[in-house]
Amino acid sequence: MKRTVKFTGLFLILTLLIGTTAFASETVGSSAASEQTTYTLEEMLQYALEDERIAQAEYEAIMESFDVTRPFSNIAEAEKQHEAEIIALYEARGMEVSDFDASEYVVLPDTLAEIYEVGIQAEINNIAMYDLFLAQDLDADVRLVFEEIKNGSESHLAAFERSGDRLNERTVRQSESLFDSVLGFFGGRTEDNRRGGRR
């Protein structure tokens, strides 16, 4: 009897773990859009909404985890505006707005040095998604919103690239300064040794 209970409990745990993993690995947003070439309006709005919510959630998580602000704070606010514009397209057509929860799809980098790479890749994928959508036959208001969001994403990409370059430059300068300090230390020790040897 005890073995049966243990086996049943283990089976339930494994079922829950597998189910959670399968859900979290579901393809959404720009990743889902990249797997197609044609879309219904419902699919485009769904993927767009998912991608904007994921970006917003990731940038907010990065700010909290790494204690950084700009450009993440400004861009996270812009993502909220993008989300609102997409929701307006839903509402204009009497469509039910997705209740998609982006928190399960947030991926945090391991180090501060990687935070801008997350933003860069997210915006590259976002721009590619809207390029796919803009190749479709769209209503005028949908096309206008997609073009505006794509333009915003291009600005976000440039901001992340500038910030990443500045971080890399600071890292190089710090490394060079440390290297010079080490050389100076050992150079001074060598000079002291020489002086000691002449006594």
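**Entry 1: contacts along the chain**

I started with contacts, meaning heavy atoms within 4.5 Å. Among contacts between residues at least 6 apart in sequence, 76% join residues at least 24 apart. I noted that this is a predicted model, where local features need pLDDT of at least 70, side-chain atom pairs count only at pLDDT 80 or more, and totals for chains, interfaces and linings use all residues. Residues are numbered from 1 along each chain as its sequence is written, and side-chain values use heavy atoms, with hydrogens and water left out.

**Entry 2: the overall picture**

Next I looked up the helices and strands, which are DSSP runs numbered from the N terminus (helices are H or I, at least four residues; strands are E, at least two). I found six helices and zero strands. Read along the sequence, the pattern is α-α-α-α-α-α.

Then I checked the surface, using accessible areas from the Shrake-Rupley method with a 1.4 Å probe, where for residues only the protein chains shown count as cover. The protein exposes about 12,600 Å², and carbon and sulfur atoms supply 55% of that area. For single residues, I call one buried under 20% relative accessible area, exposed over 50%, and partly exposed in between (1.4 Å probe, protein chains only). Of the 199 residues, 37% are buried.

**Entry 3: a closer look at Gln56**

I picked Gln56, which lies in helix α3. Is Gln56 buried or exposed? Gln56 has 13% relative accessibility, so I wrote it down as buried. Leaving aside neighbours within four places in sequence, Gln56 is in contact with Ala76, Glu79, Lys80 and Glu83. I also looked up His82, which is 26 residues from Gln56 along the chain; their C-alpha atoms are separated by 9.9 Å.

**Entry 4: salt bridges**

Side chains of opposite charge can pair when their charged atoms come close. I counted a salt bridge when a side-chain nitrogen of Lys or Arg is within 4 Å of a carboxyl oxygen of Asp or Glu. How many salt bridges does the structure hold? I found seven.

One of them joins Arg53 and Glu83, with the closest N and O atoms 2.9 Å apart. This pair links distant parts of the chain, since Arg53 is in helix α3 and Glu83 is in helix α4 (residues 72-92), 30 residues apart. Arg53 and Glu83 are both buried.

Lys80 pairs with Glu60, and here the closest N and O atoms are 4.0 Å apart. Lys80 lies in helix α4 and Glu60 in helix α3, so this pair ties together parts that are 20 residues apart in sequence. Lys80 is partly exposed, with a relative accessible area of 34%, and Glu60 at 33% is partly exposed too.

Lys80 also meets Glu77 in a salt bridge (3.3 Å, N to O). Glu77 and Lys80 both lie in helix α4, three residues apart, which is about one turn of the helix. At 47% relative accessibility, Glu77 counts as partly exposed.

**Entry 5: the largest pocket**

Rolling a probe the size of a water molecule over the atoms shows where empty space is left. On a 1 Å grid over the protein atoms alone, a cavity is a set of points where a 1.4 Å probe fits but cannot get out, a pocket is an open set with protein on both sides within 12 Å along at least five of seven lines, and lining residues have an atom within 4 Å of a point. Grid points are joined across faces, edges and corners, and a volume is the space filled by probe spheres set on the points.

The largest pocket holds about 380 Å³. It has 19 lining residues, and the closest to its centre are Ser31, Ile54, Glu58, Tyr105 and Asn125. Helices α2 (29-33), α3 (41-66) and α5 (115-134) each give two or more residues to this lining. Which element gives the most? That is α5, with five residues.

I sorted residues by class: Ala, Val, Leu, Ile, Met, Phe, Trp, Tyr, Cys and Pro are nonpolar, Asp, Glu, Lys and Arg are charged, and the others, Gly among them, are polar. The pocket lining has eleven nonpolar, four polar and four charged residues.
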